[in-house]
Amino acid sequence: MNDISQAFAKAIQLITQLDANLLEIVSLSMRVSLTSVLIASLIGLPLGAALALYKFPGRGFFVVLLNAFMGLPPVVVGLIVYLMLSRSGPLGVLGLLFTPTAMIIAQTCLITPIIAALARQTIMDANVEYHEQLRALGAKSFRIMKTLLWETKYSLLTSVFAGFGRATAEVGAVLIVGGNINHATRVMTTAIALETRKGDIELALALGIILIVISLILTTIVMNIRDAAYKYYN
Amino acid sequence: MHNVSTLPLHINHLHVTRKGNLLLCDIDYSIDTAGVTVILGPNGAGKSLLLQVAHGLVAPDEGDLKWNTLSPHPQQSWRAFVFQKPVLLRRSVRANLGYVLSLHKVEKSKHHELIEEALEQTGLAKLAERNARVLSGGEQQRLSIARAWVLKPKVILLDEPTAELDPAGTAAVECLIETIAQQDTKILMTTHDLGQARRLASDILFLHQGRLVEFSPAQNFFQQPQTEAAQKFIAGKLLNGGQKK
Ligand SMILES: Nc1ncnc2c1ncn2[C@@H]1O[C@H](COP(=O)(O)OP(=O)(O)O)[C@@H](O)[C@H]1O
Ligand SMILES: [Mg+2]
């Protein structure tokens, strides 16, 4: 019991003293997850909207695939990206394995389907309401897509946050393609997963606290967006 | 703004079929009068469908409809369509009007003046910065008409524009329609409301079961309806004009 409270005190100390090692890990985590969520949004939002609005051969199959990928375990995504990037893989020559770039690729693969699938549902619902009206106003299909993306920006933003939440919380993908290398690819979740075992409980605990705080902040932001949007429209 | 002539409206042996039902049957007529033409008829007669064909939203299966020589498609900015229940964008009243102008690539320098004018016309100037989604039903419909009016169209099509409104809202919208018609914009609108047709129409197309059964100047229509269906409708005995299945 005493051990745990001591570890907890030290963890708090690490945080309040802005320990260099801790900061490095947190900032790499943020850099990887924010970059991933940015790329995933740039791909996923238009992709989801296009799947909602355009008919093309194979669309049904694509939608099934997207929804299946949405629930894919991070380790599986990590494994696939690993195979792609490993020296004998098709992208092996790039030498990206065990770099932050590889981690960004893996997380982007993990959350793009989530953002795209949620966006598709949102845009489909909005389209039921708007389509006839926008068409009658003279909007062509691409303009309809842009308008719907803007009209639903608050729900889309919550989807983006859902993607970010998933990215910061997952261990499997970044562990497999990143390798938890100190000062290179060690992020919050991989540090917790591997350092605890090695006895660095203070660091793990400090990172755990930070993850909880991030999760609380995310939830608060999402709730506030929803509230504000609700008040604005009703 | 628009260098086209839109009248007469030629409707040539127009047929619309859906799922084996003949919804509009051999509509054949030309409209060359300015003012307010009302498509009148009971529910299900095919009024909305005819109006949608006139805006290019529904393609006829046979025959055609032409504004003078032009086939309608919704991207023509000289004609606007107002729905019974408008869908407004989640932004300010002013931005809703700006959206339509940008949609039709109207020069930015002209936006301000056109928007102010439309706001003034429709009595929405004080609500310009208000979010369109929080307006009352009557205000929403006036904004929807402003959204049509802001393009200075030569034709406005309105589908039962007051069906969702209370008497005060209805009166305001009717007043607006009259004002617009006086400014040289052709109005083609549908209603199932006899009173409204009497108040607004300069001429009437009476639709029943997908057919155009009577067309005449409004006065003649109400004083001497020629067909049994029209007589019954005016007497309030004909309430359903849907297709016989
Ligand atoms: N897209 C469609 N598919 C099948 N039936 C339709 C469609 N649109 C309208 N109808 C039918 O056509 C008839 C006329 O509809 P509508 O033009 O809306 O009537 P009105 O506006 O006069 O009340 C109705 O019986 C309606 O159910
Ligand atoms: Mg109708």
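Predicted model: local features only at pLDDT ≥ 70, side-chain atom pairs only at ≥ 80, totals over all residues.

Q: How many residues apart are B:E160 and B:K47?
A: B:E160 sits in the loop between β6 (155-159) and α5 (167-182) of chain B, while B:K47 belongs to helix α1 of chain B.

Q: Which atom of ligand 1 lies 2.8 Å from a backbone N or O atom of B:K47?
A: B:K47 is one of the residues around ligand 1. Its backbone contributes an N or O atom at 2.8 Å, and a polar side-chain atom of B:S48 lies 2.7 Å from an oxygen atom of the ligand.

Q: Which helix gives the largest share of the shell around ligand 1?
A: The shell has four nonpolar, four polar and two charged residues. Its members include B:K47, B:S48 and B:L49. Three residues of the shell come from one helix, α1 (residues 47-54) of chain B.

Q: Why does the salt bridge between B:R133 and A:E129 join two chains?
A: The side chains meet at 3.2 Å, N to O. B:R133 is buried at 18% relative accessible area, whereas A:E129 is partly exposed at 35%. B:R133 lies in the loop between α3 (108-121) and α4 (137-149) of chain B, and A:E129 lies in helix α5 (residues 100-137) of chain A, so the pair joins chain B and chain A.

Q: What is the relative accessible area of A:R186?
A: A:R186 is placed in the loop between α8 (172-178) and α9 (188-195) of chain A. Its side chain makes a polar contact of 3.1 Å with the side chain of A:N180. A:R186 counts as buried because its relative accessible area is 11%.

Q: About how much accessible area does the nonpolar surface patch that includes A:I80 have together?
A: A:I80 is in helix α4 (residues 74-85) of chain A and is partly exposed at 43% relative accessibility. The patch also includes A:V75, A:M84 and A:L94. Together the patch residues have about 630 Å².

Methods
Residues numbered from 1 in each chain as written. Chains lettered and ligands numbered in written order. Heavy atoms only, no water. Patch = residues over 30% accessible without salt bridge, like charges linked within 9 Å, V, L, I, M, F, W, Y side chains within 5 Å. Areas by Shrake-Rupley, 256 points an atom, 1.4 Å probe, with all protein chains shown as cover. Salt bridge = Lys/Arg side-chain N within 4 Å of Asp/Glu carboxyl O. Helix = DSSP H or I, 4+ residues; strand = E, 2+ residues; numbered from the N terminus. Buried < 20%, exposed > 50% of the residue type's maximum accessible area, 1.4 Å probe, protein only. Near = heavy atom within 4 Å. Polar contact = N/O pair within 3.5 Å; in protein donor to acceptor, adjacent residues only side chain to side chain. Nonpolar A, V, L, I, M, F, W, Y, C, P; charged D, E, K, R; others polar.
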